[in-house]
Amino acid sequence: MTMDTSPLPSTADDEISLLDLLVTVSQNIKLLILGPLAAGLCALGLSFTLPATYESVAILPSDISSTVRLASVLDPVVVSQDLAKGKSIEQARLALDGRIKTAVGKQDKLLTLTVSGDSPQQAQAIAKALLAQTYEQMRPRGSNKARIERQLAQARERLEDAQKASSGLLTLLERGYKPDAVALKASGTELPRGYADLLNFVTASQAAVVSLELQLEGMTDEQLLQAPSLPEKPVSQKKAMVATLAALATGFVLLLWVFVRSGLRAAGADPQSAAKLAAIRRALGFAGFSKA
């Protein structure tokens with residue numbers, strides 16, 4: 001019996017080898033190098049033409065990030081800072097919202113409000129206007145305001161009465177009150193102890209009045225840990241990163257285009273593949289165009 005020693009067909013013959021890929025790359029090496037380089041240089045040049053951006057930063061003791069983005073806050077700022085400039089109010093509002101960044105500290109829970117502008121003065125002015133409108137939005141209104149005002153009036157009356165009573169008791173004590181000789185009692189307590197309790201009540205009443213006044217006044221700039229800053233330098237635009245990303249993206253697109261073009265040319269040389277390509281061209285309506 002004669003053994004068949006003819007070589008078996010290799011599947012590698014039907015596949016694109018690494019050497020074929022290297023040949024394709026080497027044939028288009030100038031395009032693959034100069035193309036991304038030119039794209040990177042163009043992106044770098046364009047980045048220098050972009051307007052500078054400045055950021056004003058304010059630090060607040062509480063989180064108002066949801067309030068500062070309300071339309072009732074943003075729209076008056078758009079008008080007062082003349083940010084529309086040919087845009088509709090909705091477009092200007094969205095643009096202003098894009099200028100705002102908020103971050104809340106994980107430990108201290110402080111809110112850092114960052115507002116960008118085309119100049120240091122504009123960034124600071126927008127930040128101040130945003131805070132002013134936010135304060136106004138957060139102040140009590142209507143029935144809520146009326147309720148707090150009533151509570152404040154009552155608290156002030158109680159404070160005034162307590163202060164008068166404490167002043168009277170103090171006068172008695174200063175006239176030489178002797179606890180072992182006189183047994184003046186007020187509500188079952190000795191006069192000195194009653195005076196001490198009355199002072200505690202005065203202190204609590206003062207705190208209640210201050211708390212209600214703060215509720216009526218709402219948040220103000222006095223509560224800011226840092227008022228909106230006036231930036232000295234523009235924000236870094238990361239020009240090098242922009243150029244690098246543009247070069248990488250262009251290189252990837254060019255490399256893909258080179259391999260696709262090489263594959264189409266190789267397929268055009270094979271009768272079977274050429275027939276399939278012709279069918280694809282006819283299906284896509286490109287039958288009249290020349291082959292790649």
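## Strand pairing around β3

In this predicted model, E55 has S116 of strand β3 as its bridge partner. Strand β1 (residues 54–60) runs antiparallel to β3, and the two are joined over 7 bridges. Strand β2 (residues 100–104) also pairs with β3 in the antiparallel sense, here over 5 bridges, and A103 stands opposite T112 of β3.

The hairpin of β2 and β3 has 6 residues between its strands, and K109 adopts a positive phi near 65 degrees there. Strand β3 covers residues 111–117; 6 of its 7 residues are buried, so the strand is largely enclosed by the rest of the structure.

## Salt bridges

The count of salt bridges comes to 7. One of them joins D75 and R93, whose closest N and O atoms are 2.8 Å apart. Because D75 belongs to helix α4 (residues 71–80) and R93 to helix α5 (residues 89–98), this pair ties together parts that are 18 residues apart in sequence. R93 is partly exposed, at 22% relative accessible area.

E213 and R156 form a salt bridge at 2.9 Å, N to O. This pair links distant parts of the chain, with E213 in helix α8 (residues 191–217) and R156 in helix α7 (residues 142–174), 57 residues apart. Both E213, at 32% relative accessibility, and R156, at 43%, are partly exposed. A salt bridge also connects the side chains of E136 and R139 (2.8 Å, N to O); E136 is partly exposed at 40%, as is R139 at 26%.

## Nonpolar surface patch

L18, L19, L21, L22 and V23 make a nonpolar surface patch of about 470 Å². L21 lies in helix α1 (residues 18–27) and is partly exposed, with 32% relative accessibility.

Note on methods: Residues numbered from 1 in each chain as written. Predicted model: local features only at pLDDT ≥ 70, side-chain atom pairs only at ≥ 80, totals over all residues. Heavy atoms only, no water. Patch = residues over 30% accessible without salt bridge, like charges linked within 9 Å, V, L, I, M, F, W, Y side chains within 5 Å. Areas by Shrake-Rupley, 256 points an atom, 1.4 Å probe, with all protein chains shown as cover. Salt bridge = Lys/Arg side-chain N within 4 Å of Asp/Glu carboxyl O. Helix = DSSP H or I, 4+ residues; strand = E, 2+ residues; numbered from the N terminus. Buried < 20%, exposed > 50% of the residue type's maximum accessible area, 1.4 Å probe, protein only. Pairing = 2+ DSSP bridges.
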